[in-house]
Amino acid sequence: MDLYPDSGAEVAAGMAPQDTTAMATETTLLNPRFYTTDFDEMDRIDVTPVRKEWDKLIAQMKSDPNKGHFKKTDAWDAVDWDGMDPPLKREFIDFLVSSCTAEFSGCVLYKEMKRRGSNADICELFSYMARDEARHAGFINDALREAGVAVNLGFLTKAKKYTYFRPKFIYYATYLSEKIGYARYITIFRHLEAHPEQRFHPIFKWFREWCNDEFSHGEAFALLMKTDPKLTESFVNKLWIKFFLTAVYSTMWVRDHARPEFHKALGVEISWYDQEVFRKTSTIARQIFPIELDIDHPRWIPNLERMNRAFIAMDAAKRQGGVAGKLKTWAAGAKAAFTFARLYTIPAKRHALPANVRLEPTY
Ligand SMILES: [Fe+2]
Ligand SMILES: [Fe+2]
């Protein structure tokens, strides 16, 4: 398994713009990815079974509640980038670059769906979602520009490798990433609301309205999945859902634990934060997933920690290079794969799906 990013941590501080783009074009299992899919199959989705809820959601997206939100206002305090502790600066830039890439990757996928489709419902939905993600990515890029770095988004579209996913995998992965995005942003926002002295950058003030966009995007994917009950109820698909949940949660754990200075500055204990985000995401996902990972199981955290150690070992082995480095990389990769299996085999919690899929953001 080729899982660990050469996290860009060494190149971030004081780097040239092309380096930031290089960080964003790196493709590893941990970095945000760019996706492509069978657009024709997605174009054939018929939203009739969820028409009433669909129309309501689309009307809300069309009204564009966050139209004026992604602009710097007086609330945007000056940032002392030069005075920032270099390790914090590195990790924060790394955080912004990977967030920007993730937002932009959503934008590219949604825009492509809108461009290729002919189904009016689907095209309308994807045009609103592409609009939102473009704003999100642009806003982060504005923040990066103040630090003298920026991700060249046009270049990224061409240079980044695309991963093909069947539409159903796009639903599982994208639904999860939207809901987890909501949970991440709102958890940081609420934490900083209670501890404003830890807000070391103004961008966090924008997170509440921002995460409501992500919440609505997740709602749209929940409705899309609801049009075809097989997607969430067949035996094989339940296994896939569990796979995506395990992969997305464990990836987040490893990625966050690679940024100790960033979380220290926010006053957030990483393991607490991750568990909190998993808990919110899992509670929300009961709207559409009939299974849920047992994050309180005694094997859960020890194996996430083991996974993290495997990635750190893999990273060190790659740096070492040579034959010995290669062997160590394989050994650490095997350990990560084995640990993944241990996480995957923790029995899931099951529950019946609610009749009405729609939720409102309540955190
Ligand atoms: Fe977004
Ligand atoms: Fe989104």
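Reply: α13 passes α14 in a left-handed crossing (left-handed if the near helix is turned anticlockwise from the far one by less than a right angle, right-handed if clockwise). This is a predicted model, where local features need pLDDT of at least 70, side-chain atom pairs count only at pLDDT 80 or more, and totals for chains, interfaces and linings use all residues. Residues are numbered from 1 along each chain as its sequence is written, while chains are lettered from A and ligands numbered from 1 in the order in which they are written.

Me: At what angle do the axes of α13 and α14 cross?

Reply: Roughly 165°, and the axes of α13 (residues 300-320) and α14 (residues 322-344) come within 8 Å. Axes are lines fitted to C-alpha atoms, for helices over the stretch in contact, and angles run from 0 to 180 degrees between N-to-C directions. Helices are DSSP runs of H or I, at least four residues, numbered from the N terminus. The pair is therefore roughly antiparallel (over 145 degrees; under 35 is roughly parallel, 65 to 115 roughly perpendicular, the rest oblique).

Me: How many nonpolar, polar and charged residues in that contact of α13 with α14?

Reply: 10 nonpolar, 7 polar and 5 charged. Ala, Val, Leu, Ile, Met, Phe, Trp, Tyr, Cys and Pro count as nonpolar, Asp, Glu, Lys and Arg as charged, and the others, Gly among them, as polar.

Me: And what about α4 and α5, at what angle do they pack?

Reply: About 155°, with the axes of α4 (residues 86-116) and α5 (residues 120-146) 7 Å apart. That makes α4 roughly antiparallel to α5. The contact of α4 with α5 has 16 nonpolar, 5 polar and 4 charged residues.

Me: Switching to the core. Which residues touch the most other members?

Reply: L96, C100 and L144, out of 76 residues in the largest nonpolar core. Such a core is a set of buried Ala, Val, Leu, Ile, Met, Phe, Trp, Tyr and Cys residues joined through C-beta atoms within 7 Å.

Me: What does L96 touch?

Reply: I140, A143 and L144, not counting residues up to four places away in sequence. Contact here is C-beta atoms, placed from the backbone, within 7 Å.

Me: Now D64: exposed or buried?

Reply: D64 counts as exposed, with 12 C-beta neighbours inside 10 Å (12 or fewer is exposed, 20 or more buried, in between partly exposed). D64 also has a positive phi of about 55° although it is not a glycine.

How values were computed: Helix = DSSP H or I, 4+ residues; strand = E, 2+ residues; numbered from the N terminus. Contact = placed C-beta atoms within 7 Å.
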